[in-house]
Amino acid sequence: QVQLVESGGGLVQPGGSLRLSCAASRSIASIYAMNWYRQTPGNQRELVASTTTGGTTNYADSVKGRFTISRDNAKNTVNLQMNSLRPEDTAVYYCNARIFVATSWYYYWGQGTQVTVAS
């Protein structure tokens, strides 16, 4: 089990940058995947970026080249650097941990942090 706490959201103008952080309650070194999702009202959560224990990163097409996910196993944090922000990036952003135990996958979520991109 792991508790996740996001921080760093806020209001930013189009073209600006924000850095989201996700702090985990325990070591993330063995957690298979740490992910960032986002959700807007009336829509399902969308996977924005992911990073695995093997160092693989993946991004939604809509954020490629603008967002960068990074994993710091020493600090038990996962960050999402968001550059060149657009109004359509406005959403609640959630940190997610995907953990494999025995024969099952388990998913843990933070409480979310609001990102608003507006002039």
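Predicted model: local features only at pLDDT ≥ 70, side-chain atom pairs only at ≥ 80, totals over all residues.

Reader: Ok, and what does leucine 80 touch?

Author: Leaving out residues up to four places away in sequence, leucine 80 touches Leu18, Arg19, Leu20, Trp36, Val48, Ala49, Phe67, Thr68, Ile69 and Tyr93.

Reader: Switching topic: how many disulfides does the structure hold?

Author: One. It joins cysteine 22 and cysteine 95, with the sulfur atoms 2.1 Å apart.

Reader: Where in the chain are the two partners?

Author: Cysteine 22 is in strand E3 (residues 18-24) and cysteine 95 is in strand E9 (residues 91-101). They're 73 residues apart, so the pair links distant parts of the chain.

Reader: Left-handed or right-handed?

Author: The link of cysteine 22 and cysteine 95 is left-handed, with -80 degrees about the S-S bond.

Reader: And are those cysteines buried or exposed?

Author: Cysteine 22 has a relative accessible area of 1%, so it counts as buried. Cysteine 95 is buried as well, at 0% relative accessibility.

Reader: Let's jump to the start of the chain. Where is valine 2 found?

Author: Valine 2 is in the segment before strand E1 (4-7). Its relative accessible area is 4%, which means it is buried.

Reader: What does valine 2 touch?

Author: Not counting residues up to four places away in sequence, valine 2 touches Ala24, Ser25, Arg26, Ile31, Ala97, Ile99 and Tyr108. As for isoleucine 28, its C-alpha is 8.8 Å from that of valine 2, and the two are 26 residues apart in sequence.

Reader: Zooming out, how many helices and strands are there in the protein chain?

Author: Zero helices and 11 strands. The radius of gyration is 14 Å, close to the 14 Å from the globule rule for 119 residues, so the chain is as compact as a globular protein of that length.

Reader: What share of the residues is buried?

Author: Buried residues make up 40% of the 119. The chain exposes about 6,200 Å², with carbon and sulfur atoms supplying 48% of it.

How values were computed
Residues numbered from 1 in each chain as written. Heavy atoms only, no water. Disulfide = S-S within 2.5 Å. Helix = DSSP H or I, 4+ residues; strand = E, 2+ residues; numbered from the N terminus. Buried < 20%, exposed > 50% of the residue type's maximum accessible area, 1.4 Å probe, protein only. Contact = heavy atoms within 4.5 Å. Rg over C-alpha atoms; globule rule 2.2 N^0.38 Å. Areas by Shrake-Rupley, 256 points an atom, 1.4 Å probe, with all protein chains shown as cover.
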